[in-house]
Amino acid sequence: MIISPTLPVYSCININFSCGRGIYLYDNEGKRYVDFHSGIAVSSLGHTNLQLISALNSQGKKLWHISNTYNIPVADNFAKKLIDNSFADTVFFVNSGSEAVECGLKIARVYQNGKGNKNRYRILTFHGAFHGRTFLTCATNDKRKFSELLNPYIDWCDNIEPNIESVKKAISNDIGVMLIEPIQGQGGVKVMNDAFMKGLRKLCDENDILLFFDCIQCGTGRTGKLFAYEHVGVEPDICALAKGIGGGFPLGVCLATEKAARYMPIGIHGSTFGGNPLATSVGNAVLDKVLSPGFLENVDLSGRYLKDELENLANRFSMIEEVRGKGLMLGIKVKMDNQKFASELSHRGLLTVGVTSDNVVRILPPLIITKKEIDEGIKILTQYLSEQSSNPY
């Protein structure tokens with residue numbers, strides 16, 4: 001057997017893209033694709049966005065990288081802007097979502113140890129969870145969905161049903177932090193119940209457990225709010241942000257309250273590339289756009305329109321069992337293999353995310369999408385569903 005030049009751990013669809021503009025991608029033959037995928041919620045402002053190109057070019061001509069042992073003013077400015085628009089008092093910059101989660105879990109461990117609670121090292125997570133692919137974040141995921149080849153997992157993590165009674169039973173003197181996605185992405189676009197999220201906050205406060213929200217996919221305006229937790233009115237102690245905050249540039253952020261981070265000493269954590277001038281310049285440009293007047297309101301309107309159109313299709317075609325999600329983080333549960341569904345759509349010119357649990361196809365277009373562009377995607381989806389109805393699966 002001859003292994004491929006790149007480690008073959010992805011199930012690839014055989015399309016080669018040459019360029020992108022706005023919400024469209026183009027292959028080597030010039031065929032245009034409507035992008036309801038966004039690199040799994042990463043290309044938040046679409047492809048070749050002029051503001052991001054300008055930020056990248058401007059900073060790229062001055063300084064790409066400098067060690068965090070020196071002050072980085074552009075990173076400080078970005079941090080202050082994130083703090084001013086969130087629950088947080090401090091942030092740490094990294095390069096990915098997994099790193100943001102790792103940082104937050106380290107903050108939680110140091111917090112409990114700093115208070116003398118050395119027994120509080122366990123992490124409570126929830127069925128359907130996906131928090132990354134490092135060894136620790138794999139252990140925080142729903143391990144029922146992962147390969148036995150990774151056994152034994154790091155055993156600090158308890159994964160339970162996302163309901164308040166299960167949490168009450170699981171709470172012990174060993175639990176130091178609860179980690180949850182307000183809307184599960186990989187887990188099937190499942191929106192956590194408001195009462196459940198409020199119940200978690202109450203239990204954490206009563207038991208001195210830190211509440212950690214993973215907003216890697218459901219943050220940066222994806223749901224019509226900067227952070228998905230804003231829909232519920234519950235704030236965390238720690239939050240991970242990545243994907244869309246870099247608009248395609250590798251960037252992650254761990255946000256925390258002063259209370260949660262107060263025991264973090266110099267040298268306990270670090271990142272060679274995290275917070276470099278190039279990445280934080282791009283992130284700052286993304287945040288400026290997302291926070292600009294009317295932007296989030298338009299995401300909300302576009303999301304409502306797209307969800308209505310998907311629900312209309314669900315009423316017409318039995319292939320769609322359910323429509324889920326909020327804003328422009330949507331999913332359709334289908335009655336055939338979801339990866340096959342997404343692959344066949346892609347060859348018809350509509351890109352979606354089929355690698356999702358519960359047979360859900362994720363729909364994650366760039367946040368700049370217009371009604372006209374939504375209609376283009378819905379037209380392709382309608383044609384495909386019509387074909388499937390005349391040729392039963």
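The model is predicted: local features need pLDDT of at least 70, side-chain atom pairs count only at pLDDT 80 or more, and totals for chains, interfaces and linings use all residues. Residues are numbered from 1 along each chain as its sequence is written, and side-chain values use heavy atoms, with hydrogens and water left out.

Start with the sheet. Helices (H or I, at least four residues) and strands (E, at least two) are DSSP runs, numbered from the N terminus. Seen this way, 7 strands form an open sheet in the order β4-β12-β11-β10-β7-β5-β6. The pairing is mixed. Two strands pair if DSSP finds at least two bridges between them. Strands of a sheet pair through backbone hydrogen bonds, either parallel or antiparallel. The edge strands are β4 (90–94) and β6, each pairing on one side only. From one strand to the next, the twist averages 20°.

Now look at strand β5 (residues 122–126). Buried means under 20% relative accessible area, exposed over 50%, and partly exposed in between (1.4 Å probe, protein chains only). In β5, 5 of the 5 residues are buried, so the strand is largely enclosed by the rest of the structure. Both of its faces are covered. Arg 122, Leu 124 and Phe 126 are buried on one side, Ile 123 and Thr 125 on the other.

Which strands pair with β5? One is β7 (residues 175–180), in the parallel sense over 3 bridges. There, Arg 122 has Ile 175 as its bridge partner. Another is β6 (residues 157–160), also in the parallel sense, over 4 bridges. Thr 125 stands opposite Asn 159 of β6. Elsewhere in the sheet, β10 (residues 210–214) and β11 (residues 238–241) run parallel and are joined by 3 bridges. Phe 213 has Cys 239 in β11 as its bridge partner.

A helix lies over this sheet. Helix α4 (residues 97–114) lies across β4, β5, β7, β10, β11 and β12 (252–256). It runs at about 180° to β10. Axes are lines fitted to C-alpha atoms, for helices over the stretch in contact, and angles run from 0 to 180 degrees between N-to-C directions.

Next come the helix pairs. Helix α9 (residues 277–290) meets helix α2 (residues 50–60), their axes coming within 9 Å and crossing at roughly 150°. That makes α2 roughly antiparallel to α9. Angles under 35 degrees count as roughly parallel, over 145 as roughly antiparallel, 65 to 115 as roughly perpendicular and the rest as oblique. The crossing of α2 past α9 is right-handed. A crossing is left-handed if the near helix is turned anticlockwise from the far one by less than a right angle, and right-handed if clockwise. Residues making the contact include Leu 52, Ala 55 and Leu 56 of α2 and Ser 281, Val 282 and Ala 285 of α9. Contact means heavy atoms within 4.5 Å.

Helix α3 (residues 73–84) also packs with α9, at an angle of about 35° and with the axes 9 Å apart. This crossing is left-handed. Among the contacting residues are Val 74 and Phe 78 of α3, and Thr 280 and Leu 287 of α9.

Phe 341, Glu 344 and Leu 345 in α11 meet Ile 380, Leu 381, Tyr 384, Leu 385 and Gln 388 in α12.

Finally, some single residues. Is His 47 buried or exposed? At 15% relative accessibility, His 47 counts as buried. It is found in the loop between α1 (38–41) and α2. Beyond its neighbours within four places in sequence, His 47 is in contact with residues including Arg 21, Tyr 24 and Asp 35.

Most residues other than glycine have a negative phi, and most peptide bonds are trans. Ser 38, in helix α1, has a positive phi, near 55°. Ser 38 is buried, at 0% relative accessible area. Thr 220 has a positive phi of about 55°. Thr 220 lies in the loop between β10 and β11 and is buried, at 2%. The peptide bond from Asn 151 to Pro 152 is cis, with omega near 0°. Pro 152 is in the loop between α5 (135–140) and β6.
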